[in-house]
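Dear colleague,

Please find a structure below for your records. A short account of the findings comes after it.

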Amino acid sequence: MRLCALLVSALLVAPVLAGCGGKKNSEQESATSWATGLCQAFDNWQSSVKSATSQLSSGQVSKSSLQTAAGSISDANKKLADDLDSLGKPPTPQAKQIQAALKELSTSLRDSADKIKSAASTVSSTTDVATAVSTIGSTLTSMGSDLSAASSKLQDIGNQDTWKKAFSQSQECQKLAKG
């Protein structure tokens, strides 16, 4: 699976959001607060996905371990989508564009969660494990593409100063950037 590529893509979303802007001090505080919420959502998701996939890294993938990991990844995707939806309006003139990009990402994360859970639920024997692993792997690759696409859209939006400062001032964003 290309989980590393997926996680790298997720880590890139936060710094790339530096493409939005505003100038006033209260706007800066609001931007930092919003950035913290975004980074916290991605950090929680990343931790959940890492934990779920570590269960499978032993090399012995069973029906039970696959279903448990798939359920955890699926749940993490849905929680990230919910967290992105609940961030609210970012404090920037480009708020509608940012919200649209995050909404599109949320929808694709929910779709991926459903595909992963479905693939794991069809496993009835050890022979089915390989098929499910293949489906889950391709879904994770697709998630990486979705994260990259969202990152590109967000990168193209607006002025950089306020958001660069917001991401650099947020402890959650610093933690996410360090991995």
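This is a predicted model: local features need pLDDT of at least 70, side-chain atom pairs count only at pLDDT 80 or more; totals for chains, interfaces and linings use all residues.

Residues are numbered from 1 along each chain as its sequence is written, and side-chain values use heavy atoms, with hydrogens and water left out.

The structure contains 1 disulfide (a pair of cysteine sulfur atoms within 2.5 Å). Cys39 is joined to Cys173, with an S to S distance of 2.0 Å, and the link is right-handed, at 95 degrees about the S-S bond. Cys39 belongs to helix α2 and Cys173 to helix α7, so the pair ties together parts 134 residues apart in sequence; helices are DSSP runs (H or I) of at least four residues, numbered from the N terminus. Cys39 is buried at 0% relative accessibility, and Cys173 is buried at 5% (buried: under 20% relative accessible area, 1.4 Å probe, protein chains only).

The largest nonpolar core has 42 residues, of which Phe42, Trp45 and Leu84 touch the most other members. Such a core is a set of buried Ala, Val, Leu, Ile, Met, Phe, Trp, Tyr and Cys residues joined through side-chain atoms within 4.5 Å. Helix α2 gives the most to this core, with 10 residues.

The axes of α4 (residues 95–121) and α5 (residues 126–155) come within 9 Å and cross at roughly 175 degrees (axes are lines fitted to C-alpha atoms over the stretch in contact, and angles run from 0 to 180 degrees between N-to-C directions). The two helices are therefore roughly antiparallel (over 145 degrees).

Kind regards

Conventions
Angles under 35 degrees count as roughly parallel, over 145 as roughly antiparallel, 65 to 115 as roughly perpendicular and the rest as oblique. Buried means under 20% relative accessible area, exposed over 50%, partly exposed in between (1.4 Å probe, protein chains only).
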